[in-house]
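I opened my notebook to record what I looked up.

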Amino acid sequence: MELDDHAEDLASDLGVDKEEVKSDLQNLVEYSVPVDEATQSLRRKYGDDSGGGGGTPSAKDIAEITPDDGNVTVTGVVLTAGERSIRYQGSDHVIVEGRLADETGVIDYTAWEDFGLEPGDAITAGNAGVREWDGEPELNLGESTSLSFQDDSLEVPYEIGGEAELADLRTGDRAVTIEVTVLECERKTIDGRDGETDILSGVFGDESGRLPFTNWDPAPEIEDGGAVRIENAYVQEFRGVPEVNVSEFSTVTELDREIEVGSDTSTMDVGDAVGTGGIYDVEVVGNLLAVRDGSGLIQRCPECYRVVQKGQCRTHGDVDGIDDLRVKAILDDGTGTVTVVLDDELTERVYGGTLDDALEQAREAMDQEVVADRIRERIVGREYRIRGHLSVDEYGANLDAETFEESDDDPAARASAFLEEVDA
Ligand SMILES: [Zn+2]
């Protein structure tokens, strides 16, 4: 059903102006309030308490809930409960997100009211709304939900609390607890929803891997660097990669012990890696099929640093481009395809010369394509092992390479390289 239809229904049910209801509805939905919750809250606002519902829905096991269920009654244990602030109708609204489990399964929930949920609580949620998120059902606990706490605790085969390692975190995870080392951290001033504000951004590491973070309310413990424990963080996608979000509701404590940062990264099939929707640190091995246009010697806009074509920047028009080197190459391992992007340093290595050498070669040939051609000759058809940041968007998958090595599939050579590492 379209928003317009919901507004029409509400307006006729409540006898109020449709445009007014529609703008209220739009506001709520824009701030990610589910449409059912939004219409119920507008019914209350305009004084109809019927809610349109009839009777209490039947009790269901969590494993049996599907996105098609309208409303359900569920009994389970709160595994995690994390506060987060969203804004609608000009004011901040605190919601609680987390996971609820019974002995059959686990489901994500969002509580739009302050029910005082804590990890470990056994609850029955009567008339909880069900919505679909990414193909999976989720619970909405709102004003129309009757929530009661059980006296007896409930045994569930899941761990209470949100302890996690960085490598296990996925976009959409909420109320997570991590213990990490701050590897990089910088303070930035951004144009936030309340005007200019300072945030911290950088990279966390633990034994399992590394992930970028944003700290929306700068915590001195993070800015100081070192090892920290963070409770109630959430994971959101930024530029195609999962990112840890540390908010005003997160608790940050300095640890007086070290958190080792693992240097291993997971090696994955290209198909599996792309299927995750984006990974900050991943290694793939595949065949280099082609070097794409826009590789080799290129020019960038001095204003925005994007690649210019025929002296034209898409945003800044006629500009004096800055010379640069890069490679965009297609890598395939039989399970999938990714565009590998090499920066200027890695490009110098695969080209076998510096930017000045490339400019010289292009001048002599009176054609800058010769630089890309030489790179093609040197790398197409070979197998490479590449580690970097993988982002996936509607235009495809890009792997920003940090390392780019010809894959060495000679087992004897691999063994001796390993021994050298051990000796070192
Ligand atoms: Zn520009």
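With which residue does Glu 402 form a salt bridge? I noted first that I am working from a predicted model. Then I found the partner: Arg 210, with the closest N and O atoms 3.2 Å apart. Next I checked where the two sit. Glu 402 is in strand β21 and Arg 210 in strand β9, which spans residues 209–215. The pair links distant parts of the chain, 192 residues apart.

**Entry: burial of that pair**

I looked up the accessibility of each partner. Glu 402 has a relative accessible area of 40%, so I wrote it down as partly exposed. Arg 210 has 19% relative accessibility and counts as buried. The cut-off explains that label, because buried means under 20%.

**Entry: other salt bridges**

How many salt bridges does the structure hold? I got 25. I picked out two more to read in detail.

Glu 138 and Arg 131 meet through their side chains, at 3.5 Å from N to O. Glu 138 is buried, at 2% relative accessibility.

Arg 376 and Glu 369 form another salt bridge, at 3.8 Å from N to O. Here I found Arg 376 partly exposed, with a relative accessible area of 22%. Glu 369 is also partly exposed, at 33%. I then searched for shared partners. Arg 84, Glu 97, Arg 131, Glu 138 and Arg 174 are joined into one network by such salt bridges.

**Entry: charges over rings**

Arg 84 came up again in this search. Its charged end sits over the ring of Tyr 234, 4.8 Å from the ring centre. I also noted Arg 374, whose charged end sits over the ring of Tyr 351, 4.2 Å from the centre.

**Entry: aromatic pairs**

How many aromatic pairs does a search of the whole structure find? It finds two. In one of them, the ring centres of Phe 204 and Phe 213 are 4.0 Å apart and the planes lie at 10°, so I logged the pair as stacked. Phe 204 and Phe 213 are both buried.

The other pair is Tyr 384 with Phe 404. This pair is stacked too, with 4.3 Å from centre to centre and 15° between the planes. Tyr 384 belongs to strand β20 (residues 383–393) and Phe 404 to strand β21 (residues 396–406), so the pair ties together parts 20 residues apart in sequence. I found Tyr 384 and Phe 404 buried.

**Entry: the zinc ion**

Which residues coordinate the zinc ion? I listed Cys 301, Cys 304 and Cys 313, each through SG, and His 316 through ND1. The distances run from 2.1 to 2.3 Å. The angles among the four donor atoms are 105 to 113°, and the site is tetrahedral. For comparison, I wrote down that the ideal angle for four tetrahedral donors is 109.5 degrees. In sequence, the donor residues follow the spacing C-x2-C-x8-C-x2-H.

Is Cys 313 buried or exposed? Cys 313 is buried, with a relative accessible area of 5%. His 316 is partly exposed, at 34%.

**Entry: Thr 339**

My last search was for a single residue. Thr 339 lies in strand β19, residues 337–342. Thr 339 is buried, at 9% relative accessibility. I set aside its neighbours within four places in sequence and read off the contacts. They are Arg 292, Lys 328, Ala 329, Ala 397, Asn 398 and Leu 399.

Terms used: Residues numbered from 1 in each chain as written. Predicted model: local features only at pLDDT ≥ 70, side-chain atom pairs only at ≥ 80, totals over all residues. Heavy atoms only, no water. Donors = N, O, S within 2.8 Å, 3.2 Å for Na, K, Ca; no water. Tetrahedral: all angles 85-135°; square planar, octahedral: opposite > 155°, others 65-115°. Buried < 20%, exposed > 50% of the residue type's maximum accessible area, 1.4 Å probe, protein only. Helix = DSSP H or I, 4+ residues; strand = E, 2+ residues; numbered from the N terminus. Contact = heavy atoms within 4.5 Å. Phe/Tyr/Trp six-rings, centres within 6.5 Å; stacked < 30°, edge-to-face > 60°. Lys NZ or Arg CZ within 6 Å of the ring centre and 35° of its normal. Salt bridge = Lys/Arg side-chain N within 4 Å of Asp/Glu carboxyl O.
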